[in-house]
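This note is written for a colleague who is meeting the structure for the first time. Please keep the sequence and the model at hand while reading.

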Amino acid sequence: MEKQRVLVVGLGSMGLSHALAYTRIPGYEVVGVCTRHIDKVELPEALAGAKKFSKFEEALAELKPDVVSINTLPDTHADYAIKAMEAGAHVFVEKPLADSVENAEKVVATARRTGKKLVVGYILRQHPSWNKFIEIARQLGTPLVFRMNLNQQSNGETWDWHKRLMDSWPPIVDCGVHYVDVMCQMTKAKPVRVQAMGAHLTDEVPVYNYGVLQVAFDDGSVGWYEAGWGPMMSETAFFVKDVIGPKGSVSIVMAENAGNVKSDDINAHTKTNQILWHHTDMSKPDERIDMTDEPDHDALCQREQEYLLKAIAEDIDLGDHMDDAVKSLRIVVAADESVKTGQVVQL
């Protein structure tokens, strides 16, 4: 297979990480980069050969890329993905897939109609430690109880980025898709209802910047997810990843020597450090599975793009991957509706 010519759209922290990941993979060539203020962007040496664009449609028409990597704000994801696939390109798109369930379904329908590969940026799916976490959770019996959060005490540049993200979605939607997706992988049961609450803790953003959701599944499993962004957020218990079942529990925990981990450190959002497996049968000792040699954030971005390349080369059926992206978005959008209406939302 010839090298896949890539157009990278959006050069924020995630976009730049993905752009550099392509340069490390022999099967790709970054031929173009695009962002609204391209004239103000200083590209690293590895991207020096890429042509610069400020308008997506111009870049797409001129370059005719094999792959388009979409790392912009969520309200552009569906439009850009559909245009890219209609133009003959495979697509990587950061999560969430779209700004509504309806638009997400349109993106997936376009992928199926055009036969183009669509990979959504569920970075935890490429993470060996999180895959182990899910594997153990599936051994705990039914029903399962999911307890997860990711609160971020963001300041300076990270708070500026969070404020831009909240022009599209509140935190329980933007980050929630990751962890709801993990819940759905742990139980194959059908999600049936969602309820949520939120708090608007600052006038700097138009939406609530703290939220907590609860989701119920038809096998009796229940899940809880909490997310808040901003300089007022607490660093206490900001990272909880805990699953309980009849046969025990499994948790992501920090090792004793993990040091002072900050909640807005992007590497801390994927690091597991250790997995703690507790058995209901107390004759079995708790197991601590060491994960200190796991891949970092940039390495995980590279794994995502290697997965896309493999899907293109081997014509892998991504139907379940795409449908799962819509399902997790449906749950968190229902949570947003619940916050706004004060009602339980039936799925």
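1. Basis of the note. The model is predicted: local features need pLDDT of at least 70, side-chain atom pairs count only at pLDDT 80 or more, and totals for chains, interfaces and linings use all residues. Residues are numbered from 1 along each chain as its sequence is written, and side-chain values use heavy atoms, with hydrogens and water left out.

2. Aromatic pairs. How many aromatic pairs does a search of the whole structure find? The search finds 6. Rings of Phe, Tyr and Trp (its six-membered ring) pair if their centres lie within 6.5 Å; planes under 30 degrees apart count as stacked, over 60 as edge-to-face and the rest as tilted. The pair of Tyr22 and Tyr28 is edge-to-face, because the ring centres are 4.8 Å apart and the planes stand at 80 degrees. Tyr22 and Tyr28 are both buried, where buried means under 20% relative accessible area, exposed over 50% and partly exposed in between (1.4 Å probe, protein chains only).

3. A pair between strands. Phe146 and Phe217 also form an edge-to-face pair, with 6.0 Å from centre to centre and 70 degrees between the planes. Phe146 belongs to strand β7 (residues 145-150) and Phe217 to strand β9 (residues 210-217), so this pair ties together parts that are 71 residues apart in sequence. Helices (H or I, at least four residues) and strands (E, at least two) are DSSP runs, numbered from the N terminus. Both Phe146 and Phe217 are buried.

4. A cluster and a lysine. One aromatic cluster is formed by Trp130, Phe133, Tyr179 and Tyr225. Lys241 lies over the face of Tyr179, at 4.7 Å from the ring centre. Lys241 also lies over the face of Phe239, at 3.8 Å from the ring centre. A charge sits over a ring if NZ of Lys or CZ of Arg is within 6 Å of the ring centre and within 35 degrees of the ring normal.

5. The structure holds 17 salt bridges, each a side-chain nitrogen of Lys or Arg within 4 Å of a carboxyl oxygen of Asp or Glu. In one of them, the side chains of Arg125 and Asp181 meet at 2.9 Å, N to O. Arg125 lies in the loop between β6 (118-121) and α5 (128-137) and Asp181 in helix α8 (residues 176-186), so the pair ties together parts that are 56 residues apart in sequence. Arg125 and Asp181 are both buried.

6. Salt bridges within helices. Lys163 and Asp160 form a salt bridge (3.7 Å, N to O); both lie in helix α6 (residues 156-165), 3 residues apart, about one turn of the helix. Lys163 is partly exposed at 22% relative accessible area, and Asp160 is partly exposed at 37%. Asp336 forms a salt bridge with Lys340, the closest N and O atoms being 3.0 Å apart. Asp336 and Lys340 are 4 residues apart in helix α10 (residues 319-341), about one helical turn. Are these two residues buried or exposed? Asp336 is buried at 6% relative accessibility, whereas Lys340 is exposed at 64%.

7. A network and a helix end. Glu57, Asp79 and Lys83 are linked in a network of salt bridges. Just after α10, Gly342 takes a positive phi of about 75 degrees.
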